[in-house]
Amino acid sequence: MLIDCGVHVSIKGGPALVADIVADIKKATDGGKIDVLVVTHEHWDHVSGFLTSKDLFAGFEVKDVWMAWTENPADQQAVELDKFKASALTALQGVSQRLDAAQEPTAHLAGIRDGLQSVLGFQFGAAGERVRSARDAAASLSKTKPTYLEPGKPPLSIKELPNLRIYVLGPPRDKAALRLEEKAGEMFPLASGGPFTRALAEGLKMNDGTGDATYVDELCPFERHVGTELSAALNGDKGSDPKIDIGAFVREHYAGPVSHPAPTEDPDQSWRRIDADWMGIAADLALQLDRGVNNTSLVLAFEFTDSNNVFLFPGDAQIGNWLSWKDLKWQLEQTTVTTADLMARTVYLKVAHHGSQNAMPQKQGIDLLTSADLSAFIPTNKDDAKNVRWHEMPYDAILTALAAKTNGRVIRADDKWLADKNGKPTFAAPSGSMRAVRHAPRDAARGEGGLWVEVDLV
């Protein structure tokens, strides 16, 4: 089973690194024989390899592809989600282009510009490829249509592995469970837009002269007919009130420079301008899009019936996805299996969302992982995260909690020992669920990160 294959667009030499990994996978799987390919969600760093290494993957033999119900084009709820993603991306692209072209943007807008570039990196590759193309490239590797999975169904079984049951925990069907924060106003809208999307899209149209004069912006604090157009005031329009010269007021107190400044007054009043700040809501929309897509991650729990141990792979699931699992249960003959039961028996955890602050909750996440044999792997690189301004990834509190839960059995993708062919992990093996650990640097001569790490688990 191969779960995802990709790297963030900001990583220097990322496609070449993924190509080396794909070539190694092909060699290790007898020419690329994959029984199940799992695509957890539609983010570039999880699927880019299927596009950038498309020629290498062409020689693979993939029997089945598993995806979440959110990727099913025949599912009406998934279609509605897709409409939101498409309209949000269009609006964010428009804002990003305007901010890129802005001359001397304020620090606030410059920060939004940089943040948008980071978020859009999950949706587009370095050459502007859509993440959808990469996802579809993965789906096309099998001759059969993808299998779309959702929680609440009986666990999956594989005839050749009678000791294995696979439970689907997420993503949830409940729209409320895709909530990004605790505030109801910040729910991820499963609809064709939402106020942020509509306001941004219409704002862009109004600024380029193609807007609908009858459009009502629910985020606008004033009626459209109130006031004077800024462009008209800057061109000397005095406004409709003969007692007030709107043009002079705007020049003196907003656009500058002031013709007769007071001794303590800055003659240049342009620092007061906020006419581009309407694009600031792009930050909120980008956050909705990014976290919402993460919350659509396919979450799988692998239960081995001979040992009762569980391996948990939550993709990039964030809080909304995690909280939706707590009431799931499966009736198996005389036994009822619950999510809490599966998590208590989890001995191997792929840490969600690169160990970010909202990668997993405490009460409904970390606190439920009670096995003394627990081990964890975090696909994260702290230096790369800083380069794209993710300053708390991985999050120290989660790292500390996992270190205590696992007795130090945590492997990070940026662990220094992975780049050294003679490197050793800080924990002993065998220990806990880990029986043995092996790794191979990519190329010691390049001085770059490791190519793979292999773990024997029980």
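**Thr70**

I began with the side chains of Thr70 and Glu71, which in this predicted model are joined by a polar contact of 3.4 Å. For that term I noted the rule: a pair of N or O atoms within 3.5 Å, where, within protein, one must be able to donate a hydrogen and the other to accept it, and where residues adjacent in sequence count only if both atoms are side-chain atoms. I then looked up where Thr70 sits, and found it in the loop between β3 (61-68) and α5 (76-101). Helices (H or I, at least four residues) and strands (E, at least two) are DSSP runs, numbered from the N terminus. Is Thr70 buried or exposed? Thr70 counts as buried because its relative accessibility is 5%; the cut-offs are under 20% relative accessible area for buried, over 50% for exposed, and partly exposed in between, with a 1.4 Å probe and protein chains only. Leaving aside neighbours within four places in sequence, I listed Ala78, Leu81, Pro171 and Thr296 as the residues in contact with Thr70, contact meaning heavy atoms within 4.5 Å.

**How the values were taken**

I kept in mind that residues are numbered from 1 along each chain as its sequence is written, and that side-chain values use heavy atoms, with hydrogens and water left out. In this predicted model, local features need pLDDT of at least 70 and side-chain atom pairs count only at pLDDT 80 or more, whereas totals for chains, interfaces and linings use all residues.

**α11 and its partners**

Next I followed α5 to helix α11 (residues 282-294), and found that the two pack at an angle of about 140° with their axes 10 Å apart. This angle makes α5 oblique to α11; angles under 35 degrees count as roughly parallel, over 145 as roughly antiparallel, 65 to 115 as roughly perpendicular and the rest as oblique. The axes are lines fitted to C-alpha atoms, for helices over the stretch in contact, and the angles run from 0 to 180 degrees between N-to-C directions. Among the residues that meet here are Phe84, Leu89 and Val95 in α5, and Leu285, Leu289 and Val293 in α11.

I also checked α6 (residues 107-120), whose axis comes within 10 Å of that of α11 and crosses it at roughly 20°, which makes α6 roughly parallel to α11. On the α6 side I noted Ile112, Leu116 and Val119, which meet Ala282, Ala283, Ala286 and Asp290 in α11.

**Ala301**

I moved on to strand β7 (residues 299-304), where Ala301 is found, and Ala301 is buried, with a relative accessible area of 1%.

**Helix α10**

In α10 (residues 246-255) I marked Gly247, Val250, Tyr254 and Ala255 as buried. Seen down the helix axis, they fall within an arc of 80°, so they line one face of α10; the arc is that of the directions from the axis to the C-beta atoms. These buried residues pack against α9 (230-234). At the N-terminal end, Asp245 caps α10, with a side-chain oxygen 3.2 Å from the backbone nitrogen of Gly247. After α10 comes Gly256, whose phi is positive, near 65°.

**Whole chain**

Last, I noted 15 helices and 15 strands in the protein chain, and that 45% of its 458 residues count as buried.
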